[in-house]
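This note is written for a colleague who is meeting the structure for the first time. Please read the points below with the sequence and the model at hand.

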Amino acid sequence: MRNLNTNIVLEARKFSCSIAGKPILREVTFQIRRGEYISIVGPNGAGKTTLLKAFDRMMRGEVSGELSICGIPWQEWKQSDLAKLAAFVPQADSRVMPYTVEQFLLMCRYPYMSPFASMHPNDHKVVREAMVGTGTLGFAHRRMDTLSSGERQKVYIAAALAQGAHIWLLDEPTTFLDYHHQDEILSLMALANKEFDVTVVAVTHDLNHAVLESDRIIALREGELAFYGTPDLIMKADVLQKIYGASLLLVDHPKAKLPMIIPRMTPEQDKELAKWRAKAREKMK
Amino acid sequence: MASEGTREDEVAPGWTIIVLLGLALTALVVAPYCGRQSIPFAALWGGGEPGQVDILWKLRIPRVLMAFLAGSALATSGMTFQAMFRNPLATPFTLGVSSGASLGAAIAIQFGWTFALWGLSATSIAAFLGAVASIALVYLMTARSRNSSTTMLLAGVAVSFFFSSMILFLQYLSDFTRSFRMLRWVMGGLEGIVSFEDVWHVFPFVVSGCLIVWYLTLELNLLTTGEEFAFSRGVSVGQTKWLLFFAVSMMVGAVVAICGPIGFVGLMAPHICRLMIGYDHRWLYPATFLFGGALLVICDTIARIVIVGELPVGIVTALLGGPFFLWLLLTRQEDLDA
């Protein structure tokens with residue numbers, strides 16, 4: 001392997017991708033430095049997940065341009081070597097998985113195992129540490145498909161830890177979770193990022209969280225890089241209008257000195273509400 | 001289940017494997033001595049009458065070995081496809097291999113091909129090619145597009161019907177003798193095994209196929225969790241799938257060419273083993289190999305003994321295995337999602 005101490009861990013240069021003639025990503029160019037916390041945002045179908053997966057060499061369709069991981073072009077990586085550095089963390093889905101949490105995490109030591117050899121004590125140790133670190137030790141012997149979404153998401157993050165990856169590529173890690181589990185997952189990501197120098201790249205629809213947690217934000221719109229910069233620069237009505245094509249209401253966060261998005265009412269909703277109130281008032285009489 | 005510790009988890013499957021190994025060895029040793037003609041044990045090293053030695057060495061031992069090889073290969077293939085497609089119904093046979101092989105054999109019978117290659121009849125070679133071609137068809141479908149396993153199974157069923165109707169068409173065209181030969185071939189069975197030659201033909205295919213699958217048990221575990229997941233854990237998914245398809249097509253092709261379509265073992269044996277030993281392929285694979293082989297040896301022995309004139313073994317496996325499998329499904333339903 002070549003020198004991996006390069007400061008730039010992920011890099012795309014004029015990277016394009018199209019599936020069945022339909023362009024998904026158009027000449028995207030950016031760099032992600034080691035230890036950064038990056039959020040990828042943008043409307044549905046903007047190519048966010050495609051971009052994220054590309055960094056784990058999950059290419060679909062025709063690609064052009066350059067994309068490199070730790071300075072090495074994606075084509076030259078051997079997948080089992082890459083797995084020691086980077087891990088894709090999928091959404092907590094409901095797929096059937098007939099393994100216990102512990103069995104599953106031991107399987108994630110794959111890049112370090114050889115066929116026929118029995119598990120090394122170190123593998124058990126690493127997996128145990130990953131379970132302790134993510135708070136999943138309590139259900140180590142439960143079958144994966146009996147877990148709730150929140151528990152499962154934590155196991156998926158434990159998998160990235162067990163794998164020894166220091167680049168985490170997370171696909172909407174908090175989308176289907178309640179506030180408590182959202183909090184847990186975001187704390188785990190922040191902890192790994194701050195304490196263990198993990199480079200976090202997360203696709204998310206939650207711009208508020210993205211702004212609070214990220215060092216920088218990547219915004220995609222129709223496959224193009226619409227914004228790449230620090231959080232304070234994206235939270236402006238005109239920038240957001242350009243990315244989402246929707247006008248959003250911004251207010252200041254009471255503690256962090258950053259603007260936050262709050263839901264806004266459409267004029268129709270306002271009229272409905274007015275009517276409903278009028279009716280309610282009638283009934284009260 | 002929830003309270004089991006790591007050590008117990010690792011010890012228990014070891015014992016299951018030892019029990020299955022005992023079962024397989026017992027079946028291999030006892031089965032050659034079962035039959036209408038009783039044979040002294042000493043016939044193994046040439047004791048007893050010459051006729052008895054001949055029956056043991058020229059008829060029964062090759063047949064029992066063949067049954068074991070075929071059972072192991074079919075169970076291995078079934079387990080592999082079930083893991084790869086993440087579907088409990090996916091086996092080479094549910095995806096159209098038996099009909100592909102049968103069509104190959106039917107064509108060879110209809111056109112009266114009589115050439116032989118390395119001691120293999122034209123019918124066997126045509127059946128081998130038919131089986132391999134239908135697996136290649138499945139492979140192309142999975143490689144080209146990201147079809148769901150449901151689509152794959154539906155396509156397999158469609159291919160089966162298409163091939164079957166072509167066989168019926170050939171039967172319609174052919175005379176009575178040929179038509180009967182086709183029908184008898186489709187039933188499958190091990191009566192035709194009369195020498196070690198057949199065993200040696202199948203042996204290299206089955207051994208190399210099984211070794212490939214055994215070498216890839218860690219990958220099979222991860223494929224069970226999903227292809228993208230496996231890829232992100234470092235599995236070269238494309239290469240692994242190609243190897244597995246190659247191994248399965250060689251094994252199934254060779255077995256089907258000699259024994260005809262005896263498919264039920266491939267669907268059932270892996271499921272029974274999952275219920276016994278769990279889903280970790282490092283344990284599941286050896287269990288499936290041993291159990292599949294032993295199961296077919298036992299079924300074939302029953303087929304030899306029970307009815308005068310010998311029943312095709314495919315009928316016995318389905319008659320015995322079907323109800324047993326249903327019983328397992330009904331009693332332990334929650335564990336059977338692959």
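1. The structure is a predicted model. The values in this note should be read with that in mind.

2. Chain B in outline. Chain B holds 13 helices and 2 strands. Of its 338 residues, 55% are buried. Its accessible surface amounts to about 14800 Å², and carbon and sulfur atoms account for 71% of that area. Among the contacts in chain B with a separation of 6 or more, 76% join residues 24 or more positions apart.

3. A buried serine in chain B. Helix H2 of chain B, residues 50-84, contains B:Ser72. This serine counts as buried because its relative accessible area is 0%, and the cut-off for a buried residue is under 20%. Leaving aside residues up to four places away in sequence, B:Ser72 touches B:Phe289, B:Gly292 and B:Gly293. The C-alpha atoms of B:Ser72 and B:Ala287 are 9.9 Å apart, although 215 residues separate the two in sequence.

4. Helix H11 of chain B. This helix covers residues 264-277, and its 14 residues should span 20 Å at 1.5 Å a residue. The end C-alpha atoms are 20 Å apart, in agreement with that expectation. Because 12 of the 14 residues are buried, H11(B) is largely enclosed by the rest of the structure. The buried residues include B:Pro270, B:His271, B:Cys273 and B:Arg274. Just after H11(B) comes B:Gly278, with a positive phi of about 95 degrees.

5. A sheet in chain A. Which strands form the open sheet, and in what order? There are 4 strands, arranged as E2-E1-E4-E5 in chain A, with antiparallel pairing. E2 and strand E5 (72-73) of chain A stand at the edges; each has a single partner strand, so one side of each lacks a neighbour in the sheet. Strand E4 of chain A, residues 62-69, pairs with E5(A) in the antiparallel sense over 2 bridges. In E5(A), A:Ile72 is the bridge partner of A:Ile69. In general, strands of a sheet pair through backbone hydrogen bonds, either parallel or antiparallel.

6. Salt bridges in chain A. Side chains of opposite charge can pair when their charged atoms come close. The count over all chains is 14 salt bridges. In one of them, A:Arg34 pairs with A:Asp197, with 3.2 Å between the closest N and O atoms. These partners come from distant parts of the chain, 163 residues apart: A:Arg34 is in the loop between strand E2 (22-33) and strand E3 (37-41) of chain A, while A:Asp197 is in the loop between helix H6 (179-196) and strand E8 (199-203) of chain A. A:Arg34 is partly exposed, at 32% relative accessibility, and A:Asp197 is partly exposed at 35%.

7. Elsewhere, a network of salt bridges links A:Glu11, A:Arg13 and A:Glu66.

8. A salt bridge in chain B. B:Glu227 and B:Lys241 meet through their side chains in a salt bridge of 2.8 Å, N to O. B:Glu227 belongs to helix H9 (residues 227-232) and B:Lys241 to helix H10 (residues 237-259) of chain B, 14 residues apart. B:Glu227 is partly exposed at 34% relative accessibility, whereas B:Lys241 is buried at 10%.

9. A nonpolar surface patch. Residues from chains A and B make up a nonpolar surface patch of about 740 Å²: A:Phe116, B:Trp200, B:Phe203, B:Val207, B:Leu211, B:Trp214 and B:Tyr215. One of these, B:Tyr215, lies in helix H7 of chain B, residues 196-215. B:Tyr215 is partly exposed, at 45% relative accessibility.

Terms used
Residues numbered from 1 in each chain as written. Chains lettered and ligands numbered in written order. Predicted model: local features only at pLDDT ≥ 70, side-chain atom pairs only at ≥ 80, totals over all residues. Heavy atoms only, no water. Salt bridge = Lys/Arg side-chain N within 4 Å of Asp/Glu carboxyl O. Buried < 20%, exposed > 50% of the residue type's maximum accessible area, 1.4 Å probe, protein only. Patch = residues over 30% accessible without salt bridge, like charges linked within 9 Å, V, L, I, M, F, W, Y side chains within 5 Å. Areas by Shrake-Rupley, 256 points an atom, 1.4 Å probe, with all protein chains shown as cover. Contact = heavy atoms within 4.5 Å. Pairing = 2+ DSSP bridges. Expected span 1.5 Å × (residues − 1).
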